[in-house]
Amino acid sequence: MHDKPTFLTRPYLPPLEAFLPYLREIWDSRWLTNAGPFHEKFEEALRKYLGVPHVCLFANGTLALMTALQALRITGEVITTPYTFVATTHALLWNGIKPVFVDIRRDTCNLDETLIESAITARTTAILPVHCYGNPCASQRLQQISDTYGLKLIYDAAHAFGVSVDGRSLLEQGDLAVLSFHATKVFNTFEGGAIVCHDAKLKQRIDYLKNFGFADEVTVVAPGINGKMSEFQAALGLLQLQHVDLAISARLAIDRRYRQALANVPGVQCLASAEGVSPNGGYFPLLIGAAYPLSRDQLYETLRRHGIHVRRYFYPLISNLPMYRGMASAGPANLPVATRTAEQVLCLPIYPDLDAKTVDRVINIVSSPC
Ligand code: T4K
């Protein structure tokens with residue numbers, strides 16, 4: 001038995017001493033939130049780092065998702081994936097929008113682009129795909145479909161910080177892309193999030209919406225919400241940006257170690273990155289098949305007994321949750337790949353300061369579990 005468990009992730013933090021001058025500045029200025037100086041600096045630094053036209057910072061990714069849907073005035077039905085974190089679909093319900101679930105592809109765990117057209121109805125207004133585990137969606141095809149049917153395309157890019165395809169950021173795709181900077185993500189500000197958009201007018205609307213709809217002291221232009229990022233989060237974000245490249249390379253080294261060691265374990269499948277993709281090492285999902293001596297849940301329990309707290313992202317499938325399962329698109333017959341994947345997936349620990357000894361211990365348990 002091990003006294004200190006190893007969790008799925010351990011948030012990256014810079015040395016505390018490096019953050020103290022930022023804190024002192026906040027304390028001295030007494031400017032704590034509402035587009036303060038750190039907010040403005042971080043927004044600009046992030047825009048440059050990500051290589052995108054506009055960034056709107058948020059208190060968390062869920063508020064950013066909810067606001068993205070408001071910003072584009074999405075209504076009716078939205079086509080989305082059941083294989084994601086609950087926030088994706090909850091953001092639709094909170095806006096009074098009906099999610100229509102479409103099955104996923106086995107290789108990326110993302111929306112299957114070949115099934116989308118048959119799910120479009122007269123009430124469909126948008127597609128909300130997720131770059132699951134940072135795996136890029138079939139974006140070209142998704143854009144074609146959106147253009148053909150006049151639909152908006154909003155990416156949940158919560159897992160895709162720093163991911164590029166052929167040198168271009170994934171966040172350039174679609175009408176909007178939404179990021180999460182939650183503690184468990186590749187890049188964190190404790191809690192936090194952002195919307196990436198392509199034009200200044202839309203940025204302005206999003207900025208109004210995240211500040212209750214205020215355009216100035218006396219003008220409220222929309223029923224907005226409080227989605228603002230605080231100065232504490234923004235200052236931390238500014239500092240974290242200096243470390244994120246190193247944090248990603250440390251994650252990718254662990255990714256390679258797992259991938260190499262587990263490549264030939266019967267019944268274990270590691271998801272591969274497509275050619276041209278520069279990944280971020282955010283997650284390390286395994287699919288546990290019939291040839292493996294244990295079921296996925298038995299392996300989960302075995303690892304836990306060894307002090308390794310892995311997670312079944314994304315199980316249960318969202319379409320099986322009580323608030324969704326009555327919907328026509330939620331039936332398992334409509335979602336065979338997602339259903340099977342949710343039953344087989346297990347995400348292994350991966351984070352920048354996960355030591356090689358622990359990685360090897362995880363590898364040994366997965367390779368010979370009995
Ligand atoms: N869209 C997608 C596709 C998402 O994955 C998410 C969030 C969102 C939207 C929404 O973005 P945010 O509103 O969250 O910004 C976690 C996170 O809370 C959630 O942010 C994340 N996705 C989801 C995939 O995972 P839980 O409930 O599974 O996390 P929890 O608390 O069990 O933590 C996981 C592991 O991390 C633990 O085993 C221990 C470790 N941990 C966690 C925290 C919070 C730490 O070491 N330190 C910490 O501070 O949801």
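Author: Helices (H or I, at least four residues) and strands (E, at least two) are DSSP runs, numbered from the N terminus. In helix α7, the buried residues are Glu231, Gln233, Ala234, Ala235, Leu236, Gly237, Leu238, Leu239, Gln240 and Leu241. Two housekeeping notes: this is a predicted model, where local features need pLDDT of at least 70 and side-chain atom pairs count only at pLDDT 80 or more, while totals for chains, interfaces and linings use all residues. Residues are numbered from 1 along each chain as its sequence is written, and side-chain values use heavy atoms, with hydrogens and water left out.

Reader: What makes α7 largely enclosed by the rest of the structure?

Author: Ten of the eleven residues in α7 (231-241) are buried, so the helix counts as largely enclosed. Its cover includes α1 (16-29), α2 (37-50) and α8 (244-262).

Reader: Why is Gly174 called buried?

Author: Its relative accessible area is 13%, and the cut-off is under 20%, so Gly174 is buried. You'll find Gly174 in the loop between β8 (168-169) and β9 (176-180).

Reader: Which residues does Gly174 touch, leaving aside its neighbours within four places in sequence?

Author: Contact means heavy atoms within 4.5 Å. By that rule, Gly174 is in contact with Gln143, Leu153, Tyr155 and His198.

Reader: What makes Arg47 and Glu44 a salt bridge?

Author: A salt bridge is a side-chain nitrogen of Lys or Arg within 4 Å of a carboxyl oxygen of Asp or Glu. The closest N and O atoms of Arg47 and Glu44 are 2.9 Å apart, so the pair passes the test. Both residues lie in helix α2, three residues apart, about one turn of the helix. Arg47, at 25% relative accessible area, is partly exposed, and so is Glu44, at 32%.

Reader: How do you know that Glu113 and Arg105 form a salt bridge?

Author: Their closest N and O atoms are 2.8 Å apart, and the limit is 4 Å, so that pair counts. Glu113 is buried at 13%, whereas Arg105 is partly exposed at 25%.

Reader: How many salt bridges does the structure hold?

Author: There are 16. Another one joins Arg168 and Glu172, at 2.7 Å from N to O. Glu43, Lys203, Asp207 and Lys210 are linked in a network of salt bridges.

Reader: What are the domains, and how much area do domain 1 and domain 2 bury between them?

Author: Domain bounds come from an automatic or database domain assignment, giving domain 1 (16-241) and domain 2 (244-367). Buried area is the accessible area (1.4 Å probe) that two parts lose on being put together, summed over both. Here it is about 3,200 Å², with 62% of it on carbon and sulfur atoms. Phe101, Arg106 and Tyr133 supply 26% of the area that domain 1 buries against domain 2, more than any other three residues. Across this interface, the rule finds zero salt bridges.

Note on methods
Buried means under 20% relative accessible area, exposed over 50%, partly exposed in between (1.4 Å probe, protein chains only).
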